[in-house]
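Have a go at each one before you read the solution.

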Amino acid sequence: MKNIILKNIENPNSHRIEEYIKAGGYFALEHAVNEMTPRDIIDDIKKSGLRGRGGAGFSTGMKWQFASLDPKFPKYIVCNADEGEPGTFKDRVILEKNPHQLIEGMVITAYALQSVRGYIYLRAEYPHVEKILNDAIQEAYAKGFLGNDIMSRHFRFNLSVHRGAGAYICGEETALINSLEGRRGDPRVKPPFPVNSGAWSKPTIVNNVETYANIPYIVETSPKAYSFLGTRDAPGTKLFCVSGAVKNPGVFELQLGTPLREIIYDHCGGIRNGRALKGIIPGGLSTSILTPDMIDCPMDFANLARHGSMLGSGAVIVLDDTMCIVKIYERAMRFFEHESCGKCTPCREGTGWMRTILRRIEDGMADMEDLATLEDVAHNVAGKTFCPLGEGAAQVLLSAMKRYRGEFEYHVKYKKCEVTDPSLRWGHMSMDELD
Amino acid sequence: METSTSQSTADALDKGGILKNKIKVLKKMYPHTRSVLLPALHAAQQLYGWLSEDAIEQVSRLTGVTTADVKGVVTFYSLFKTKPLGRHVIYLCTNVACLIMGADTLEEYLGKTYGISHGETSADGRFSLVIMECIGACDKAPAMLVNDDCHFNISMDNIQQIMESYR
Amino acid sequence: MVKLTINGQEAETGRDSTILDAANGIGIKIPTLCHIKGLEPYGGCRMCLIEIEGVARLQTACTTKVNNGMVVFTETEEINKARKAMLEFLLINHPLDCPVCDKAGECLLQDQAARFGASEGRFAEGKRTHPENINDSIIVRNMERCILCTRCTRMCGEAQGAYAISVTGRGQHSFVEPFSHDKYNCEYCGNCLTVCPVGAIMSRLHRHNYRPWYVEKEIETVCGFCGVGCTTFIQMRAATIIRTLPKLGTGVNKGLLCVRGRFGYDYVESEGRLKTPMIRVNGVLEPVSWEKALAYITKTLKDIKTKHTPKAIGAIASGMCSNEDNYMLQKLMRFVIGSNNIDSTARLAYAPAKTYIERIFGAGATANVIADIEKSDGIFTAGGDPTAINPVLGVQIRSAWRHGAKVVVSGQPGGLGNFINYDLNSVPQHEETVLNTLVIGLAEMKGYSGKNPFLERKIKALRLPCEPELRATGVLLENMEEAIDDLSGLKRPVVVIGPSLLHAGIPSKNLFLVAAIAYLIDAKIYLLSKKPNYRGLIDMGCVPDTIPGGLPVRPGQLKLKKGVTMTVPAEKGMGLFEMIDGALDGSLKALYVLGENPVFNLPDRDKTEKALSALDLLVVQDIFMTETTRHAHVVLPAAAWSEKDGTMTNLGGRIQFLRKGSAVSAGKSEWRVIADIARTLGMNETYADSKEVWEEITQVSVLHSASEYDEIKDGGLMWPYGSVQFQGGAEDFIVEGLEILPEIKEACAAAPCKLLLLPERSLFHSGSTTRKSKAILSVSPEPYLSINPVDAGKLGLSNDDTVRVKTAKGSSVVTLKIVRDCPEGAVILSNTFEKVSFNALTGYTVDPVLGCMVFTDNEASLEKL
Ligand SMILES: Cc1cc2nc3c(=O)[nH]c(=O)nc-3n(C[C@H](O)[C@H](O)[C@H](O)COP(=O)(O)O)c2cc1C
Ligand code: SF4
Ligand code: FES
């Protein structure tokens, strides 16, 4: 299958505008501006069935339509390049190798929504990407794809990069908007939704990098052609970024609905070092862990939901049998605790509490009552938080505790890890060996 | 009521008005001046290495956001530094994908070799260690940034060599 | 309207209501912690979780809008479990130090833990610790108790507009902090204290000596510090004020207070309170009985009256005292002694400004509802920082700005600095040019309506400033043009006029220019009033030229009640400055000073002192010994603000009720004492209480004849108090120097040519009372001289230098502070502290047109010590 998003990726200069144009880039923009009305574009995106690639999977066309129906102007176009979901590195590949496809997607969006201003909210952890993006934006200005008179059609759109400063929560769209406005990145009350009252209280579209990167293809081919890819419910391709205990980790552009087994065994060469598969986190750390028996699950929104998990950002973390679940979830909870914005009670207090109990279990200092408390605390967080961050923290722990109950209990009972052989731990040498 | 006792110190910091001019340019990017805060803080941090109280006061004055408000913003984000760090800053990712590939061993190594744990600076001021959540290099785990350079697939075999290249 | 069902009960509310509003509307209580009415919904604490039929997850009532047909449950098992869980979360890191927490008994967390059941203590980990911070003089911060509801920071930002505290850190390590770790550098409005539901932000003033159940009495009264007239509640135990506090949503202040109103009350109980009357014997004031003191006063007044005619007797009324007090003083002077010599320090600016504006626009032009400022879409202010002079009014300007109003400030922006878009802060003495430019620009944009021909004729006579004149203002032309643009498009504009406009340059011209702006954009006008009852005392006739109710003094009879009339003296009365001059030249022999400190509050201190010491009788009725009592022959202890009943009229013309709380001193209500004197001198009326005094006022004053006393008691009565005959028409008026503009002086490159000494408008201090408040002194203990960094640079001076500031009138040693806001070419000094004060270093002249006070001799030189 040909790549849509990672097209031209083998070309070492794929990030340069000349190369991008040579490979057919900016043709979609030209087509859109010259032959389509903003309405046509929104209709096409709706028809294509494209769903957001940032995690929630909301229909992109619907989102655009809501914003376009709001009478307020100006409207703002924001790209969510905060990519903070642990295990995720797909947007980075687009930003590094194919920035013009993102820019083209954003300009088409701007045309569809009659927006004149856009921002790429880039996570601070990608310092080198800022330069690549700024260079690409400059190139696009020079070629007249950005600016005050785009393609000599009196259509105006200006774009710049806004850097985050290290906060996972700023990937949540309303927190991102707060951060864009120069505030602390707490999420905002919804409704009003960003499409009606987002940045500076104006209608604002926030889409993921990968979502924008899909736009040129849909506009240049047809919604129908696009919906041939993937599944009915989830058309198109998806970037899957695989890490952990596989032979060839990396980013793979595959159709939505590709079975997990195919990803791990065909594309990634299977489990490393001949170890056994222990579990798969399918969509980033905030999605619930799958057990090896679920390996045939097709990777799309509905099927993962059926397995009690989510597609999330498509970040597949593969665990083998040398890896300790308690330790992994202690570390995961440390992440949620660290990244909790502190706005709402259950997430602020609950993540820390859960982490300390997990720590004690891991250290062999806990009893069965602690295990019960841990579960109860997680239940008290779940369903009661302000935003999905805290919710995710509780849900992933609950599912891990359910699916790997034995391992938790082993820790409590024997005050040590089931994965005992030190030479097996983490695939690397330990400090003791080093001395 | 902003009294301005350290007025002169904060002013003295921006010799030649570099920051002032930078912020003036940045302001043009946004419809409201308040929004310039994050880029302004990045600029100040780049200029001074970290965000001292004087630097915050200065940014406050140049952006019209009160000092307390700026402080609230600065302390929300993990990558704004409110204390000076060492010559080289190691941003080591220890999140799950890196952890399972051995990041904890690296953390232990750095602790033993340079006497630093998260947020600390080695006695000679050479290295500071910042433990990171995912830095988006999970396929090449464990990964870290030293200053702005990326290092991937770090193991006990190559970490020493990497560290040696930063003096 | 939207219909929904809550717990089986029907509810009907507005489309924009939340479920919480709807539930409240039908008496269903949903527990909340972070929610606060008037601030944006927050949804952080998660206490208000409720169930909506058909919605999978629990939702927060405080943020969820109602929908038609919604079915809501607020008390299910699941909800109660969730609430209990939230409380458990809040308590795991809470220190549970309730026995030593001053919030105990009125702590929302405590109350709700009691209601939903305390948790079982399953938290086995160490609690987060964060030491209590008691390094600020007023505000104690205990962040271990904080539940991060952010009511305080939202109040500080959204309501007060100060943004002086913020949540710092993230997640579990979030703490509310001011910029500096220890002291707050804020306005000390204390509004964060009002809203903290737990003991995290507390007042140090009653630290560890207060519990809510100590409160024996709580009264609703009006604040006695400035002309806004905020509603405030005094809580007392025995005769002691435990604290004063506002109530959210009540009064013109809607539950905000400023530093003075909230923390300044302790002056009432300061040690210096006068306890007994005193008479000067051989140069020393000695305690005497009331009888003796009053006998002495009446006898001396009688003697002077016979020897020198009533004209030799005068009185100074008080902006701090009630309408009844001032009315009675006026009655004593005018109707009993027979002299029109009565005035007050409102003469410095407020009274002449009011007279002038009302002459142009008609009576009532300055009577406007203060709450309308917040609803305005554009505000022009000139003549002083409203956030310092009348803080809560200033807060309304900020609030309007946050809601999108345009704010244009001429002069130093002060506390409005972050709430304007461009700078019209002109070089001192050139403000007139800026105003002139604005008027001409607005006239061009808006055209003439023909409504006020007098005013329009004068606007047309204005001259457009030339290029160099404009440059001399130091304000960019483009800023003025933007301001003109902004102002000309307003729909509900407001103009706020401060006192400084009358103290420099040509006052009539300045005031005319601002009036012209108000006219051209059709704005509501507000006159800032430093003292709480300036407007009231003018209405009570405490001015030489009008009788109670505002009618001009015309010799003749005034009906007091059926069959009783009073004679209005024919002889023209002396105003404040004339009385000072009169005392000096011997034409005034006796002066009755009610609650005022002219020695301190007038420039040219030497002159005032000489004048007062030349009198045969100086009676001072006050709560403290002051610079003026030093010259008094008789001193009478007065009742402080919290010790008497009466009415006060705020700067917008709202009459509000002052209620008696504690009585600390032997001071009697001033009107009683004055009435006693008046009776000895021939007055017949007796009064059982202040209500009877008010009833007499309604007989005498046409303005108040239709006012309802009960309405005043129940929350205030707005001008024109039920009467309609006061709308009045416009009259012609005089403006000096219509065509002239301030002279351009050569700029000096090296050193400032000259520095003008200007008075500070302090947020913290309002004269004699605040310097007796320990709390206020703890945040603003010392005078200092402000200077612009540029001037400081030219003079080689730096922050905290000790300098000698010298004028033609004298010199003082003071600490220097470099303040960016201070205009170039000026130094600013407060007039609060005895050892160094502005008025001791300046002189004044009286403006021939307005009769207000204009500073002179205020060119200053600085010398570093
Ligand atoms: C805690 C949290 C973190 C998120 N982080 C990201 C992120 O890093 N990148 C992203 O694109 N979306 C992220 N999202 C999802 C966004 O809120 C939003 O749904 C998305 O940007 C919409 O774009 P899409 O419709 O194109 O997916 C996050 C959501 C939550 C709740
Ligand atoms: S769940 Fe609550 S505390 Fe956690 S990140 Fe979201 S709003 Fe912040
Ligand atoms: S009151 Fe609704 S969440 Fe706090």
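**Cavities between domains**

In chain C, domain 3 (278-344 + 542-705) and domain 5 (755-864) each contribute lining residues to the second largest cavity, so this cavity lies between them; the domain bounds come from an automatic or database domain assignment. This is a predicted model, where local features need pLDDT of at least 70, side-chain atom pairs count only at pLDDT 80 or more, and totals for chains, interfaces and linings use all residues. Residues are numbered from 1 along each chain as its sequence is written, chains are lettered from A in the order in which they are written, and side-chain values use heavy atoms, without hydrogens and water.

**Exercise 1.** Describe the second largest cavity.

*Step 1.* Its space comes to about 300 Å³.

*Step 2.* Look for the residues nearest its centre: C:Met320, C:Gly595, C:Asp622, C:Ile623 and C:Thr769, out of 25 lining residues. (A cavity is a set of points on a 1 Å grid over the protein atoms alone where a 1.4 Å probe fits but cannot get out; lining residues have an atom within 4 Å of a point.)

*Step 3.* Sort the lining: nine nonpolar, 11 polar and five charged.

**Exercise 2.** Now work out what surrounds the largest cavity.

*Step 1.* This cavity holds about 570 Å³ of space.

*Step 2.* Its lining has 35 residues, and C:Leu348, C:Pro499, C:His503, C:Lys530 and C:Arg761 are the closest to the centre.

*Step 3.* Check the domains: domain 4 (362-527) and domain 5 (755-864) of chain C each give at least three residues to this lining.

*Step 4.* Sort again, and you get 16 nonpolar, 13 polar and six charged residues.

Technical notes: 1 Å grid on protein atoms, 1.4 Å probe; cavity = no way out; pocket = protein on both sides within 12 Å on 5 of 7 lines; lining within 4 Å. Points joined across faces, edges and corners; volume = space filled by probe spheres on them. Nonpolar A, V, L, I, M, F, W, Y, C, P; charged D, E, K, R; others polar.
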